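Subject: Structure handover and what was found in it

Dear colleague,

I am passing on to you the structure shown just below, and I would ask you to keep it open while you read. My notes on it follow.

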Amino acid sequence: MPDAEQDGSRRRGRNETEEERADRMWTELIQEVRVAQMGVQILFGFLLTVVFTPTYEDLSGTDKTIYIVTVVLGACATGALIGPVSLHRLVSGRRIKPQAVQWASRLTLLGLALLLVTTSSSLLLILRVATHDDYVPYLVAGVVFWYLLCWFGLPMWARHRHTTR
């Protein structure tokens with residue numbers, strides 16, 4: 001048993017080179033992107049079919065605008081979440097993996113933000129069409145708050161609370 005463990009102290013962090021760390025972080029990032037990609041692809045696929053339904057023509061001008069904006073946001077989210085795969089493919093073997101991981105991470109965060117807005121605007125459209133009630137914006141705002149809390153608030157709190165500089 002190492003001396004550090006015998007005296008009750010534990011080593012924190014990992015003993016890895018910059019390249020090993022980049023490899024590990026890349027693997028973790030791709031697993032995260034897979035989850036987000038699945039969500040955005042299902043949502044985007046659904047959105048693409050709406051325009052071909054008979055009731056699309058019955059939507060108000062406002063609802064059609066919300067739909068168009070939502071489809072464009074979904075396309076942008078898809079691009080941002082697939083971007084890390086393309087980035088990796090194009091820079092693979094160029095010995096810049098740490099930088100590629102950094103850019104892929106940024107694309108993933110952008111994709112998550114776009115997915116949040118796409119999901120929220122989809123919810124807005126669906127609830128407007130389904131209910132025609134005045135409480136819909138408040139309900140959507142509550143869901144947006146929930147997404148922000150789950151996707152960004154809690155992770156940022158944990159990061160601040162449990163990491164040291």
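A salt bridge, as the term is used here, is a side-chain nitrogen of Lys or Arg that lies within 4 Å of a carboxyl oxygen of Asp or Glu. By that rule, the count in this structure comes to five salt bridges.

Before the details, a word on the basis of these notes. This is a predicted model, in which local features need pLDDT of at least 70 and side-chain atom pairs count only at pLDDT 80 or more, while totals for chains, interfaces and linings use all residues. Residues are numbered from 1 along each chain as its sequence is written, and side-chain values use heavy atoms, with hydrogens and water left out.

Salt bridges

Side chains of opposite charge can pair when their charged atoms come close. One of the salt bridges joins the side chains of Arg24 and Glu28, at 3.2 Å from N to O. Because Arg24 and Glu28 are four residues apart in helix α2, they are separated by about one helical turn; helices here are DSSP runs (H or I, at least four residues), strands likewise (E, at least two), and both are numbered from the N terminus. Arg24 is partly exposed at 21% relative accessibility, and Glu28 is also partly exposed, at 37%, where buried means under 20% relative accessible area, exposed over 50%, and partly exposed in between (1.4 Å probe, protein chains only).

A salt bridge also links the side chains of Glu57 and Lys64, at 3.6 Å from N to O, and Glu57 is exposed, with a relative accessible area of 58%. Asp63 pairs with Arg128 in another salt bridge, in which the closest N and O atoms are 2.5 Å apart. Since Asp63 lies in helix α3 and Arg128 in helix α4, this pair ties together parts that are 65 residues apart in sequence. Asp63 counts as buried, at 6% relative accessibility, whereas Arg128 is partly exposed, with a relative accessible area of 29%. Finally, salt bridges that share partners join Glu16, Arg24 and Glu28 into one network.

Nonpolar cores

A nonpolar core is a set of buried Ala, Val, Leu, Ile, Met, Phe, Trp, Tyr and Cys residues joined through side-chain atoms within 4.5 Å. The largest one has 18 residues, and those with the most contacts inside it are Val40, Leu47, Tyr56, Tyr67, Val71 and Leu114. Two or more of its residues come from each of α2 (18–50), α3 (61–91) and α4 (97–131), and α3 gives the most, with seven residues. Apart from this core lies another, of seven residues, among them Ala22, Leu29, Ile30 and Val33.

Contact means heavy atoms within 4.5 Å. Leaving aside neighbours within four places in sequence, Leu47 is in contact with Tyr67, Thr70, Val71, Thr118 and Ser122. Thr119, which has its place in helix α4, is buried with a relative accessible area of 18%, and, not counting residues up to four places away in sequence, Thr119 touches Leu43 and Tyr147.

Trp26 is found in helix α2 and counts as buried, at 8% relative accessibility. With neighbours within four places in sequence set aside, Trp26 is in contact with Pro84, His88, Lys97, Ala100, Val101 and Ala104. The C-alpha atoms of Trp26 and Val101 are separated by 5.9 Å, although these residues stand 75 residues apart along the chain.

Pockets

On a 1 Å grid over the protein atoms alone, a pocket is an open set of points where a 1.4 Å probe fits, with protein on both sides within 12 Å along at least five of seven lines, and lining residues have an atom within 4 Å of a point. Grid points are joined across faces, edges and corners, and a volume is the space filled by probe spheres set on the points.

The largest pocket has a volume of about 1,300 Å³. Its lining is made up of 27 residues, of which Arg21, Met25, Glu32, Ser105 and Arg159 lie nearest its centre, and α2, α4 and α5 (136–162) are the elements that give two or more residues to this lining.

The second largest pocket holds about 210 Å³ of space. Among the residues that line it are Phe46, Leu47, Thr53, Tyr56, Ser122 and Val129, and α2 and α4 each supply at least two residues of this lining.

With best regards
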